[in-house]
Amino acid sequence: MEADMERLGQDILFAARNELYMAMPYLDMALCALRFEPGGGVTLSLATDGETLYYDGHYLADRYLRGRAAVNRGYLHVVLHGLLRHIAKKHGRDAALWDLACDAAVESILDELAYPCLGTATAPARQKFFNACRAEMKVLTAEGIYRRLLLEKPSEYELAQLQRLFFQDDHGLWDRKEDREQSKRQDESWKGVAERTQTAMETVLAGKAEGGEAVLEQVRVSARDDVDYRAFLRRFAAPREVMAADGDAFDYIYYTYGLTHYGNMPLIEPPETREERRVEQLVIAIDTSMSTSGALVREFLRCTYAILRTTESFTRRLDIHIVQCDDQLRSDDAIHSMDELSAYMDAFTLSGGSATDFRPVFEHVAEAQEHGRLADLRGLIYFTDGMGVYPEKRPHYDTAFVFPQEPPASFPTPPWAIRLILPPEELERAGEAAEWDEPLDAMPEL
């Protein structure tokens, strides 16, 4: 009997996939990306770990009897989680709020897809929530909805109500961490699917993507290139000569020719110096307002420290100012060595908790430059959620605002500023990659 229900459930999923493909051929790769398997601890819903769609035959049979659209909607809901890479992005975020944000983002897409095979499910309470979100963001992404939930801090009762509005699948399998490499490969696979889906919607199948604008908007976000934070920091480096062999300027032909024909006497010696771009003077500003998470700030500093201690782009002698500010300047700590930076990280505490105003930091830097300090400043990096008052005039140095997620459209970044979206998972990856590099202590003193 149980085997029969498993086969029935699989047949229902195959039928749902075929019906969805006929309506939305631009989603062909995504619809076929998951294999079907009964079990997985799932009883009253569907679930996926990013590779397999787990189902319960009894649940699917009951839902199918109520209407095919309910099964189609649940199937596409699960697929969109993978297509938008919600599983990999969960790490480092509040689990309950992230799960809700992902469900709401996917359901907002389904509500805009005017296909009979999906039915209609726009309840007044859902529409009210979507309208409130759209007042703050152009595209209802999981990241944007998550940020809104973090700021609103819904009570347990309010959270449960919202979860019931958007629930379609079980996210319990998203939290598995047995194999980090497998999770990374899985996310890369879904990124490839998202890129090809985007291409299909924008070119060959664009004419058939009726009502798919919501899908396309979110796929564009999910398929964007990952951030290389280390490469980003190099923008603030200045050229300088260092004691090291320059392989690019050294001709090994003459070197080996001399060794071969003149008794181990090379005809040319490798240059003893080379020019590199290295960071020496930098201001790192931290937004310490109530809307900024202390844990996220510490992760940003940890990642920055891990990169700064490596050999290739950063010198032994530093002049880094770590400034904390909400609506007023709270602290300015000058760091002159990696030992000082390490000690600062160990004793780091956030100061502030008021509203956000970016101007005091720029005024503080301008005053320091007037008094002869920070004369060689290459740039300022401001870590913030973006919701604050920006300065009107462009400073005489490069300025970058680093956001853990896309800031609200109501707080536009100045056109002269560099913008970088650095989600928590990208922060962690950048920090882990830097940990494998050779530490700065291995460099000879210059």
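Helices α5 (residues 95-112) and α8 (residues 156-166) pack at about 35°, their axes 9 Å apart. Helices here are DSSP runs of H or I with at least four residues, strands are runs of E with at least two, and both are numbered from the N terminus. Axes are lines fitted to C-alpha atoms, over the stretch in contact for helices, and angles between N-to-C directions run from 0 to 180 degrees. The α5/α8 crossing is left-handed; that term applies if the near helix is turned anticlockwise from the far one by less than a right angle, and clockwise makes it right-handed. On the α5 side, the contact (heavy atoms within 4.5 Å) uses Ala96, Leu97, Leu100, Asp103, Ala104 and Glu107, and α8 brings Leu159, Leu162, Gln163 and Phe166. By class that gives 7 nonpolar, 1 polar and 2 charged residues, where Ala, Val, Leu, Ile, Met, Phe, Trp, Tyr, Cys and Pro count as nonpolar, Asp, Glu, Lys and Arg as charged, and the others, Gly among them, as polar.

A word on what you're looking at: this is a predicted model, with local features needing pLDDT of at least 70, side-chain atom pairs needing 80 or more, and totals for chains, interfaces and linings using all residues. Residues are numbered from 1 along each chain as its sequence is written, and side-chain values use heavy atoms, leaving out hydrogens and water.

Now stay with α8 and look at α6 (residues 124-134): the two pack at about 105°, with axes 10 Å apart. That makes α6 and α8 roughly perpendicular, the label for 65 to 115 degrees; under 35 is roughly parallel, over 145 roughly antiparallel, and the rest oblique. Ala125, Arg126, Phe129 and Phe130 of α6 meet Leu162, Leu165 and Phe166 of α8.

Back on α5, the axis of α7 (residues 142-152) comes within 8 Å, crossing at roughly 130°, so α5 and α7 are oblique to each other. This crossing is right-handed. From α5, Leu97, Trp98, Leu100, Ala101, Cys102, Ala104 and Ala105 take part, facing Ala142, Glu143, Ile145, Tyr146, Leu149 and Leu150 of α7. The tally is 12 nonpolar, no polar and 1 charged.

There's also an open sheet of 4 strands, ordered β1-β3-β2-β4 with mixed pairing; strands pair if DSSP finds at least two bridges between them. β1 (35-38) and β4 (169-170) sit at the edges with a single partner strand each, so one side of each has no neighbour in the sheet. β2 (residues 46-48) runs parallel to β4, joined by 2 bridges, and Ala47 has Asp170 as its bridge partner there.

How far to trust all this? The average pLDDT (the predictor's per-residue confidence, from 0 to 100) is 80, and 77% of residues score at least 70. Over residues 438-446 pLDDT stays under 50. Where pLDDT is low, predicted coordinates should not be read in detail.
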